[in-house]
Amino acid sequence: FDSEGAYGEIFHPLRSFCNAKPTSVVIHITNRLQEYAHLKMDQFTLKIQEVTAAVTSKMCRLASSSSEESSSSCNVCGTEFYPLPFFHFTGNMFSASCDYVKDLMPPSMFERTMNDIAGD
């Protein structure tokens, strides 16, 4: 797990893209499912395939879309959402409307803000 991914720096290009194209939908996928690292390789591979298939599915892309084609009020979609210990989807894989992503605070600011809220 490299420090770039750990501190959210990988999301800066995603935010930049969304600022330039706010009506687009972005999909973030990765092959790093740290929470499933204990699984055997075939189980791990199946989990990656399952999550990737979900976030790239037409249903998930449409749910995240702000287009008139979508009847959803969602702006982000993934397989399993967890509110604790922080808001996240399984494997940190998701599809999201750029209209939503462009309004998020920068990852570096998010970490500081969460640390200020949580304290020591």
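Start by selecting Cys-77 and Ser-95: the latter, in β5, is the bridge partner of the former. This is a predicted model, in which local features need pLDDT of at least 70 and side-chain atom pairs count only at pLDDT 80 or more, while totals for chains, interfaces and linings use all residues. Numbering runs from 1 along each chain as its sequence is written, and side-chain values use heavy atoms, with hydrogens and water left out.

Strands are DSSP runs of E, at least two residues, and helices runs of H or I, at least four, numbered from the N terminus; two strands pair if DSSP finds at least two bridges between them.

Now show the side chains of β5 (residues 94–97). Phe-94 and Ala-96 point one way, Ser-95 and Ser-97 the other, and all are buried (under 20% relative accessible area; exposed is over 50%, partly exposed in between; 1.4 Å probe, protein chains only).

Turn to the rings. There are two aromatic pairs (Phe, Tyr and Trp rings, the six-membered one for Trp, with centres within 6.5 Å; planes under 30 degrees apart are stacked, over 60 edge-to-face, the rest tilted). Select Phe-11 and Phe-94: they are stacked, 6.2 Å centre to centre, with 25 degrees between the planes. Phe-11 lies in helix α2 (residues 11–20) and Phe-94 in β5, so the pair ties together parts 83 residues apart in sequence.

Last, select Phe-81 and Phe-89, an edge-to-face pair at 5.3 Å and 65 degrees. Phe-81 is partly exposed at 46% relative accessibility, whereas Phe-89 is buried at 12%.
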